[in-house]
Amino acid sequence: DPHQRAIYDCLGEKGLEEQGWEVVQRTKTPQEIREEYEALARVREERRLQQKTNPTSRLEMTINATDLFDRYLYDSEYDDLIEGDFPHFEVSKMSLSQSIQAPLTPSDTATLAGNINTSNGTGSGSLSCGLRRVTSESAWQEAEVGVGSGLSLGAKMYRKLSERNFVNMSGTLQFSRKGLKPAFECSLGTHLDKYTAGYLRYSTNFRLQETEDSFMLREEDSGMCTMVVRNTERYQTTASLQFGIPYTYAMLAHTWKLPEKKRKFRGALKVGTFGAILEYGVEEKISEHSSLGA
């Protein structure tokens with residue numbers, strides 16, 4: 001093979017071992033072959049680094065399109081009072097989050113994550129660093145420290161209790177201007193079959209405040225939630241029921257998956273003490289590592 005021979009003459013056996021030569025033109029000169037080899041090596045190194053650090057990012061925007069619908073509620077005699085011929089759209093909320101992982105040892109992984117968000121002209125952000133240690137095939141622990149609206153300390157753990165049952169626990173302690181804010185969450189899960197899992201979760205949030213003569217620990221919100229999730233290649237259905245303070249609600253969500261089109265349609269209905277909420281949307285995978293949803 002003259003093409004393989006040219007690669008061997010320029011780079012030796014290491015050149016033949018490089019992947020990707022099948023897309024390189026066979027009319028390259030020796031200098032161009034060396035440049036192609038360096039380019040392929042850079043792509044391979046970038047891919048290896050990306051797989052090692054597992055970077056993820058997420059951008060979300062909330063667009064207020066109320067003006068698009070409100071203008072049709074008025075009679076034509078009020079057209080002069082409506083500003084502009086085109087509806088006015090407003091980005092009322094935006095958030096950006098990103099994280100990377102750095103394997104330190106076969107059992108220890110460090111995670112660096114950050115997020116910034118703005119809502120109705122008010123901005124906030126946070127930066128956190130975590131360390132996860134896998135102690136066995138059935139257990140891991142993680143510690144995290146972050147800064148944002150004050151210092152935040154957190155811990156998580158996972159434990160497989162049996163072939164079907166497992167438990168997750170997490171706790172955080174946030175130092176804010178209004179006092180300490182402890183939080184705790186415990187989730188017990190079980191695999192009902194190959195595609196179905198059930199969860200029982202308890203969560204609570206407190207606030208520790210200083211009074212004139214003592215400290216007061218006040219529970220801000222808490223709840224007990226039961227959830228059943230069925231996830232197959234074609235759909236995912238979630239049904240949950242929560243009893244808590246200040247909200248009690250029932251939720252039913254369904255996602256239709258179209259693997260051949262790399263597209264998902266989702267809908268959810270939530271009914272509770274706050275009223276009823278209907279959500280719907282679509283998500284499409286636009287590249288190997290990116291998805292776009294609305």
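Select Cys 225 to begin: with a relative accessibility of 3%, Cys 225 is buried, a term that stands for under 20% relative accessible area, whereas exposed stands for over 50% and partly exposed for what lies in between, with a 1.4 Å probe and protein chains only. The model is a predicted one, in which local features need pLDDT of at least 70 and side-chain atom pairs count only at pLDDT 80 or more, while totals for chains, interfaces and linings use all residues. Residues are numbered from 1 along each chain as its sequence is written, and side-chain values rest on heavy atoms, with hydrogens and water left out.

Next, select Cys 186, which is partly exposed at a relative accessible area of 24%. Across the whole structure, a search for disulfides (pairs of cysteine sulfur atoms within 2.5 Å) finds zero.

Move on to Ser 187, which lies in strand E8, residues 179-191, and is buried at 11% relative accessibility. Now display what surrounds Ser 187: apart from neighbours within four places in sequence, Ser 187 is in contact with Phe 166, Val 167 and Asn 168, and also with Tyr 199, Leu 200 and Arg 201, where contact means heavy atoms within 4.5 Å.

Finally, show the whole protein, which has four helices and 15 strands; these are DSSP runs numbered from the N terminus, helices being H or I with at least four residues and strands E with at least two. Of its 294 residues, 17% count as buried.
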